[in-house]
Amino acid sequence: MENKIKTVGPPILVPEDRQEEPAAQNPDTLQLTSMTPSTAVAVPQGPHAVDPMPTAEFPNFFHTNDPVKAARIQAKVTEAMASVLRRLDLPYVLKTGQISRNGFFEELEKKIRALDPDAKVYISGGVVRSILGYIYKKIYNEHQRQSTEDTTENVLNRIIQGASRKPILDALFEIFPVDQDLPKLSALGIGSDLDVSVDFSGGCTPDKREEIKQITKQFIESATDQLMPQADKTSVLTRSVLPVGDVVERKAQLERSMGQGGSPLDWLAFPVSSASGTQFVEGVPGTLGRFLKGEIEYVSPEHADNRDEQCIRMLRPLLELPFLKPSTKGAQILIQELELILAKLNKKIPLEGERPLKEFAKMLRNARFEAAHNRFSVPREGDPIGRLVHQISMSAPRGEKDLPLVPEFTQNRKIDTRNVNNHSIDRFLMNPTEFRQNYTDNGSLYHGTPKLEYVLTMIRNGLIASIPGKQGTAALGAGTYTAQERSTSAKYVGSEGTVLELKVSLSDHLRVLDLPRFMNEQAVLYQSLEKEAKQNDIDINQYLARKFDLDIIINEYPLIMNAAAIRLPKKINELIRAKLQSAFSVRERLVARDLLKTLQELRSFEQLGAVLGLKDLPSLPSDLEIHRQIADCLKDSDVPVRRAAIGLLGTIKPTVPDIHKQIADCLKDSDVLVRRAAIDLLHTIKPTDPEIHKQIVGYLTHSDVFVRRAAIDLLGTIKPTDPEIHKPIAACLTDSDANVRRAAIDLLGTIKPTDPEIHKPIAACLTDSDANVRRAAIKTLAAIKALDAIKSTNVEIQREIANCLTDLKANACKAAIKFLAASKPEDVTIQGKIAQCLTNLDANVRNAAIEFLGAIQPTNLEILAQIAAYLEYPNPDVGRAAIRVFEAINPTDSMIQQITARLTDPDAKVHEAAIVVLEAIDPTDPEVQKQMDAYRQKNPIESDLE
């Protein structure tokens, strides 16, 4: 897809005009320094030539043909780097647990050198490049204000001394500039790791090196861990506000990087303090010299698997330091590889992994000057690299809206010092004061961006222009859309969006077009202009803005056409404020399933703002307020929202009764997954509020059987203490659903109501059509000790009870046996089930079975054989119980032999029971008598039996 946007007339190459902040004047932290530039690096002295002002779009202000001046500038660039590192505001945790924001790199170096005194510590990679970009931007901006032969050196001196650009009225401060701290966002890469590398000494062992790396990483991320323990360290935003990174061995890392190819500029390292050196360390000799001359090399990767990534990575310096140009050879290689990437994309061939296209995001975040005046989104004639990158941007996958990888940034043109070329539209311009009164919120406009991460891109590059039909509300044409009310912009920011407050310029030269009035009164002219714009393949808004030097176009919304018309947030406190003012929709975050993560991150930023001493920060909803908002989503019309809400509440497990009531309402939800999740959650939280219990009881008569089942199950878990609760539960014993009936019976057995009549409806279930219900009734009757209260000669009921004997607890089983004994069942099956109770581990149950069998004196041979079989049961208690049965039953000869054999049983109680039985029946068999006599002689004293 070719770029069809053409410029009207000569390109507008006017730079941005951002005001630098005045120097901080905090007397507690003020450090007075001399104005005399440092002379750490010796430079040749002598006369210097005056170079003419370069005419390029981004002039190379470091370069001069005078060798003396060139050496002096190189020395000052080195000193400026050291000054920026010394003054960078990077927080870390002291031993006391307090946060410090001074001397980060010196403290870092101390920790390393404490374990390896001869180690050299450097920053490298993107950190070096970003600081160089910061220095260039300071020089560039000053040249736009006033350009002289000394401007570059004056700015470098100011950076070295940490002085404010603006003059300070106090005479003392005119002599002694303030040593101003630099915010991380101003100088370091946005969303990037803090790249630190070390040259360890030869005597530093591998184990010691690993220990140093670990300790250093903990130091680097100490403030992040303490201030934002729940935050995602991989978040671009986290990495932009607080230091995240680690330490690598410089030489090993350099070897790997050089093998991967790319720009030698990435292989520059710089000492973090004079203790580690005072000069750049080059991976490729001459890199710094070529940089100061405005040239970078490109080394093609050795391996094809990362060629695409390194090729796109090479583009980053062209937007971060736009005065740079690839060498002739480097440009040839870069163009060839860009053409290969474009060919792959056009043929739908995937690139090597996902990283190549992700490099675009990094490139844009850290670019400067509206991405080098939109070098890749609106490529210039004669720029083959820009043209190829633009085509890649338009060809690569870029989301549902088919967005380009490289957006177009709103141009930034000076307002007060520009020369307006066309005044024919002036009578349709709105008075700036009238505009601020009628279209702004006390001088502020609001812009919604779908992700706060995009703010980081705009911090460096300015506003992103909406593409008609694809971004934002761009139905009204290109431009950066704003609104007078924050709430209006909040509607368009999406689930992760942020609303930025943009302060409008106070300049009286602000040019604001009242487009509706112009279209109404000059319809023919407007149609003619539309035609011209179409012929030039440019959006009408952009065409009007360029042709008539417009800053803002009013077309339903104030459309920003010149970024200089507003001020973007630039500092950490502004970023934190914007983060906390982000549109926070519980419902949308539920759907995205990252509500807790988002909330944790917001809480971390809230804490960070408090630590930094920021005042009047927006307050976040409390956890309870968030929980209630989640609970409110349980009534949402969309099933996925309700599912997400009940699922998240399951994670949170709220303790507030009013939320419990809303959860209980979900028992009647139309969606089965919501109902199940609500049931599980109520089982977990076990609400104690009696009102919720009554609410659940109300569902016992619900028309939906699933609701009734859930309600009865929940009551079983909750175990309500209301003395009247058994009545509605007992009513469920006639429910049409067997599961409900069985659960109701079980619940009655659990709560054990004291109502003397409660056994009647339960006993009625002994003849239930469902076997599980019948068994449950038996268990419950036994549990509430109500078996004695019922009489039944019904053999089927007796059989059901007998079948349950092995499932009943000891007391219930004993009660059931007594119930059966009262009816003296002749049914062999029932007798056999009771005989099985001789093997029960509880003595009371065994005794009850013995009494039962002794009372009925079974004659059925199968029952007798079953009892006799227990005589030889491995468990002595079972054997003893079997023997005792025969006290009331005349055993057969074979059974007498089995009993006699127990006289020699190792267990005393077993052989004692055997002799008691044998003496009671007085067997005539001489052999048995002989064994009995032998036993009596050996055991003259009888022991008590159980």
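Two residues are in contact when they have heavy atoms within 4.5 Å of each other. In this predicted model, residues 24 or more positions apart account for 72% of the contacts in the chain with a separation of 6 or more.

Q: How many helices and strands does the chain have, and what share of its residues is buried?
A: The chain has 45 helices and 18 strands, and buried residues make up 52% of its 946 residues, where buried stands for a relative accessible area under 20%.

Q: Why is α14 called roughly parallel to α17?
A: Helix α14 (residues 328–346) and helix α17 (residues 384–395) pack at an angle of about 20°, with 10 Å between their axes. Angles under 35 degrees count as roughly parallel, and that makes α14 roughly parallel to α17. The crossing of the two helices, α14 and α17, is left-handed.

Q: Which residues of α14 and α17 meet, and what makes up their contact by class?
A: From α14 the contact takes A331, L334, I335, L338, E339, I341, L342, L345 and N346, which meet P384, I385, L388, V389, Q391, I392 and S395 of α17. By class, this contact of α14 with α17 has 12 nonpolar, 3 polar and 1 charged residues.

Q: Which members of the largest nonpolar core touch the most other members?
A: The largest nonpolar core has 126 residues, and of these F62, F105, I123, I135, F291, L315 and I385 touch the most other members. Helix α3 (residues 126–145) gives the most to this core, with 9 residues. Leaving aside residues up to four places away in sequence, L315 touches L334, L338, M363, F376, I385 and V389. Apart from this core lies another, of 114 residues, which includes I718, L733, V740 and V928.

Q: Why does N374 count as buried?
A: N374 has 8% relative accessibility and therefore counts as buried, the cut-off being under 20%. N374 is found in helix α16 (residues 369–374), and its phi is near 55°, a positive value in a residue other than glycine.

Q: How do you know that D549 is buried?
A: The relative accessible area of D549 is 9%, so D549 is buried by the criterion of under 20%. D549 lies in the loop between α23 (540–548) and β16 (552–555), and its phi, near 55°, is a positive value in a residue other than glycine.

Q: Which residues of α10 are buried, and what covers them?
A: In helix α10 (residues 250–260), the residues R250, L254, S257 and G259 are buried. Their cover includes β4 (120–124), β6 (194–199), β7 (245–249) and β8 (269–271). Just after α10, G261 takes a positive phi of about 80°.

Technical notes: Residues numbered from 1 in each chain as written. Predicted model: local features only at pLDDT ≥ 70, side-chain atom pairs only at ≥ 80, totals over all residues. Heavy atoms only, no water. Axes fitted to C-alpha atoms, helices over the stretch in contact; angles between N-to-C directions. Helix = DSSP H or I, 4+ residues; strand = E, 2+ residues; numbered from the N terminus. Parallel < 35°, antiparallel > 145°, perpendicular 65-115°, else oblique. Left-handed = near helix turned anticlockwise from the far one by under 90°. Nonpolar A, V, L, I, M, F, W, Y, C, P; charged D, E, K, R; others polar. Core = buried A, V, L, I, M, F, W, Y, C linked by side-chain atoms within 4.5 Å. Buried < 20%, exposed > 50% of the residue type's maximum accessible area, 1.4 Å probe, protein only.
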